[in-house]
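These are my notebook entries on one structure, kept in the order in which I looked things up. I begin with the elements and go on to single residues.

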Amino acid sequence: RRVREAVYQRRVRDSIIQSLSSHKKLDRDRGIDALSRHLKTSPGDDNESPLLTLLKGKVEFNDSEYSINSEEPIPWEQLHGALLALSVYIDCCNETCSPEFYTTVTNSGQQFLTHDETRVRAAAGQLLGTLAKYRGTSVYLSCKSDLLSGINVCLERHEEADNKIKEKLNGHSPESVFHDTAGWGNLETNMKALECIITNTGAEFDECIDCELLDLVFASLCHTNRFVRETVHGVLCTGLHTPT
């Protein structure tokens, strides 16, 4: 009976991992739903469960099955599925997650805020928000430097990018124009990550509000890209305000 149960659990795990790694968004969404149901009925009792080890291997690159090199980068779909799955895992099994696990996953979320694929960056921001729900402002403080510097760099290239776009619109391909606006996507997703963290820490975040943060947020309100401006308004609507 134990053997049959072990075989069944392995099949469920493999099916979930396969869905999360799919190139199709619908399959990845189904994988997330299946993972949520699986964890609710069979919650992990430690931080080294086979399923969690596979998920961590995808984002840490230390699992031989998912290791990468410069010649063969890991497909972004696998990263996207793994980051979303880790958010679900933390929501379902936060009581059994060790401090070391939280540190590892926080580093992974922070690392992929600069990924080329927008959906990976968004999933990384969502993961940081989920971590903040259970770890508080320590998550923000651990990634504050990279998060805010990433926003600041994108703002600094704002005016320069505007000028280049005007030049390249005269007879150049859309791809060459996009190359100079790509940094705006990082700005938007970094702001989204900040919004997720603030939302999930609530009033506790008031202690983290300083002039550096406020200056960046207000400067972003004037950005050319409307999606960036909308995201910044979302940050303000979370309750971000100057502490009294």
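I looked up helix H4 (residues 76–93) first: at 1.5 Å a residue its 18 residues should span 26 Å, and its end C-alpha atoms are 25 Å apart, which agrees. The expected span of a helix is 1.5 Å times one less than its number of residues. Helices here are DSSP runs of H or I with at least four residues, strands are runs of E with at least two, and both are numbered from the N terminus.

I noted for the whole entry that this is a predicted model, in which local features need pLDDT of at least 70, side-chain atom pairs count only at pLDDT 80 or more, and totals for chains, interfaces and linings use all residues. I also noted that residues are numbered from 1 along each chain as its sequence is written, and that side-chain values use heavy atoms, with hydrogens and water left out.

How much of H4 is buried? I found that 16 of the 18 residues of H4 are buried, so the helix is largely enclosed by the rest of the structure. Buried means under 20% relative accessible area, exposed means over 50%, and partly exposed lies in between, with a 1.4 Å probe and protein chains only. Within H4 I picked out His80, which is buried at a relative accessible area of 9%. Leaving aside its neighbours within four places in sequence, His80 is in contact (heavy atoms within 4.5 Å) with Arg28, Arg119, Val120 and Ala123.

I then stepped back to the protein chain, which has eleven helices and zero strands and reads α-α-α-α-α-α-α-α-α-α-α along the sequence. Of its 244 residues, 48% are buried. Among contacts between residues at least 6 apart in sequence, 69% join residues at least 24 apart.

Next I looked at helix H5 (residues 99–111), whose 13 residues reach 18 Å from the first C-alpha to the last, close to the 18 Å expected at 1.5 Å a residue. The buried residues of H5 are Phe101, Tyr102, Val105, Thr106, Ser108, Gly109 and Gln110.

How do the axes of H1 and H2 cross? I found that the axes of H1 and helix H2 (residues 25–41) come within 7 Å and cross at roughly 145°; axes are lines fitted to C-alpha atoms, for helices over the stretch in contact, and angles run from 0 to 180 degrees between N-to-C directions. The crossing of H1 and H2 is left-handed, a term used if the near helix is turned anticlockwise from the far one by less than a right angle. On the H1 side Gln9, Val12, Ile16, Ser19 and Leu20 meet Asp27, Arg28, Gly31, Ile32, Ala34, Leu35 and His38 in H2. By class, this contact has six nonpolar, four polar and two charged residues, where Ala, Val, Leu, Ile, Met, Phe, Trp, Tyr, Cys and Pro count as nonpolar, Asp, Glu, Lys and Arg as charged, and the others, Gly among them, as polar.

Asp14 is partly exposed, with a relative accessible area of 33%, and its side chain makes a polar contact with the side chain of Arg13 (3.3 Å). A polar contact is a pair of N or O atoms within 3.5 Å; within protein, one must be able to donate a hydrogen and the other to accept it, and residues adjacent in sequence count only if both atoms are side-chain atoms. Ser15, also in H1, is partly exposed at 41%, and its C-alpha atom is separated by 9.7 Å from that of Leu35, 20 residues apart along the chain. Ile17 of H1 counts as buried at 6% relative accessibility, and its C-alpha atom is separated by 9.5 Å from that of Ile32, 15 residues apart along the chain.

In the loop between H1 and H2 I looked up Ser22, which counts as buried at 13% relative accessibility. A polar atom of the Ser22 side chain lies 3.0 Å from the backbone nitrogen of Lys24. Not counting residues up to four places away in sequence, Ser22 touches Asp27, Arg28 and Glu77.

My last entry is Phe205, in the loop between helix H9 (174–201) and helix H10 (211–220). Phe205 counts as buried at 2% relative accessibility, and its C-alpha atom is separated by 8.1 Å from that of Gly136, 69 residues apart along the chain.
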